[in-house]
Amino acid sequence: MCAQRTNKYLCLSLQVHQPFRLKRYRFFDIGNDHYYFDDFQNEEIFQRITRDSYAPANKLFLDLIKSTEGRFRAAFSISGTALEQIEMYAPELIDSFTALSKTGSVEFLGETYAHSIASLAEDKREFRTQVKQHREKIANMFGKKPQVFRNSELIYDDYIATEVYGLGFKGIITEGAKNIMGWKSPNYLYASAGAPGLKLLLRNGHLSEDLTKNFSRYDWSEYPLTADKYARWIASEMQESGEIVCLDLSYDTFGVGQARETGIFDFLKALPEYLEREGIRMILPSEAIEMLSAKDTLPVPDTISWSDEEKNTSSWLGNVLQGEAFKKLGEYSERTRLTKDRRLLQDWTYLQSSDHFFYMSTRGGDVWKYRPYDDAYEAFSNYMNVLSDFHLRVEAQYPSSIENEELNALLTTIQNQGDEIQELHAKIDALEAKKEPVPKKRPARSKKATE
């Protein structure tokens, strides 16, 4: 295949996330059992998805990058909880993701560490903390600092944009939702109304879902979906209006969402050739932001996401159960952030994952496929029992009888004293280093020796 000059671009964004699922935690466990997670289920699920999806997909992606001389390109948004499970359950994936990274045809996106909905809280401190924590984890594992952000579930509004821009990101991927686009096409780059310096790359919903939902549907009018047909669709989309199509989907679409038997890997293997025939060039999100100009400013006053027809946040905060759980989680946020207890902080992070709230959804759709509970009410009861025990542990360290301001003042005083002690030790060490050694006196020569 030969490279072509083009003004048609394709950006492929892939989400890798797995939560730490909770074990069955009953009312009588509160105060007696402080371990909340189902290690067996978490390991079994992650290793199965690695076998069926992540491992073979990584191999295929590396082969495609080599065979196209780097023209096949993709971006990965890997949550911190997924990275931890890679380290625990499938460390071989570290090597394959590192190999992909070294090709220069792959980039890693920023996101919240726990794939959380912390951006929906009024207090954005937890959101900022998780974004910084995730950026540090990516840098430590792959030696690269993310330049483009992909919020959990593509959640976005103008206020979130100001937070993301303030954290140093140049761009963000979100949903090209019809209710905010109006007559505009999602197939352009836009500037954020909340932070004009932040570029918006918009997911093309129907082309993404043709892979995630329709690919193996026998009752679909376009079945079977072949690589040449799909490449023509992408080209046609931009011929009508646009210069870049952004596909954003879960990475386990390849091998799990669409099983190997559906032909999804063969489809992916053939796709680069047909894209080039249509004059479509694959680029990374950071390249799109550098190369392309914003078509217009896009105001998003109301929060959007990728989910369902409404493209709002109702999949996670759409009913009373979810709202109560999210409110309860936030009640101890300030006190939890004060602790130095690593185990408590780890549990706090894992409890933030959006999945826990998704399991409580009473909406229809695909929630039943992913929920490890019989229904939303069981998911809510289990989560609230865990949260009750977690609150007891926080209460034991920082009692609610002490006002937050008083507690903060006390901890600040302790921290300042600790900092002063460290500074004094540093000064002592510096003085010790500068101190000149006292020269030793030479022994006097005896009279006998001089004669």
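Leaving aside its neighbours within four places in sequence, which residues is Phe 97 in contact with? Contact here means heavy atoms within 4.5 Å. The partners are Val 16, Asn 58, Phe 76, Ile 78, Ile 86, Phe 108, Phe 142 and Tyr 251.

Some ground rules. This is a predicted model, where local features need pLDDT of at least 70, side-chain atom pairs count only at pLDDT 80 or more, and totals for chains, interfaces and linings use all residues. Residues are numbered from 1 along each chain as its sequence is written, and side-chain values use heavy atoms, with hydrogens and water left out.

On to the core. A nonpolar core is a set of buried Ala, Val, Leu, Ile, Met, Phe, Trp, Tyr and Cys residues joined through side-chain atoms within 4.5 Å. Buried is under 20% relative accessible area, exposed is over 50%, and partly exposed is in between, with a 1.4 Å probe and protein chains only. The largest core has 55 residues. Phe 61, Phe 76, Phe 97, Tyr 251 and Phe 254 touch the most other members. Helix 1, residues 39-67, gives the largest share, 10 residues.

A word on elements. Helices (H or I, at least four residues) and strands (E, at least two) are DSSP runs, numbered from the N terminus.

Next, helix packing. Helix 1 packs on helix 9, residues 264-277, at about 20°, with axes 11 Å apart. Axes are lines fitted to C-alpha atoms, for helices over the stretch in contact, and angles run from 0 to 180 degrees between N-to-C directions. So helix 1 is roughly parallel to helix 9; that label covers angles under 35 degrees, with over 145 roughly antiparallel, 65 to 115 roughly perpendicular and the rest oblique. From helix 1, Asp 52, Pro 56, Ala 57, Leu 60, Phe 61 and Leu 64 meet Phe 265, Leu 268, Lys 269 and Pro 272 of helix 9.

Gln 85 sits in helix 2, residues 80-89. Is Gln 85 buried or exposed? Buried, because its relative accessibility is 0%. A polar atom of its side chain lies 2.9 Å from the backbone oxygen of Pro 19. Gln 85 and Pro 19 are 66 residues apart in sequence, yet 8.8 Å apart in space, C-alpha to C-alpha.

Last, Ser 116. This residue is in the loop between strand 3 (106-108) and helix 4 (125-142). Ser 116 also counts as buried, at 0%. Beyond four places in sequence, Ser 116 touches Gln 130, Ser 152, Gln 352, Ser 353 and Ser 354.

Notes: A polar contact is a pair of N or O atoms within 3.5 Å; within protein, one must be able to donate a hydrogen and the other to accept it, and residues adjacent in sequence count only if both atoms are side-chain atoms.
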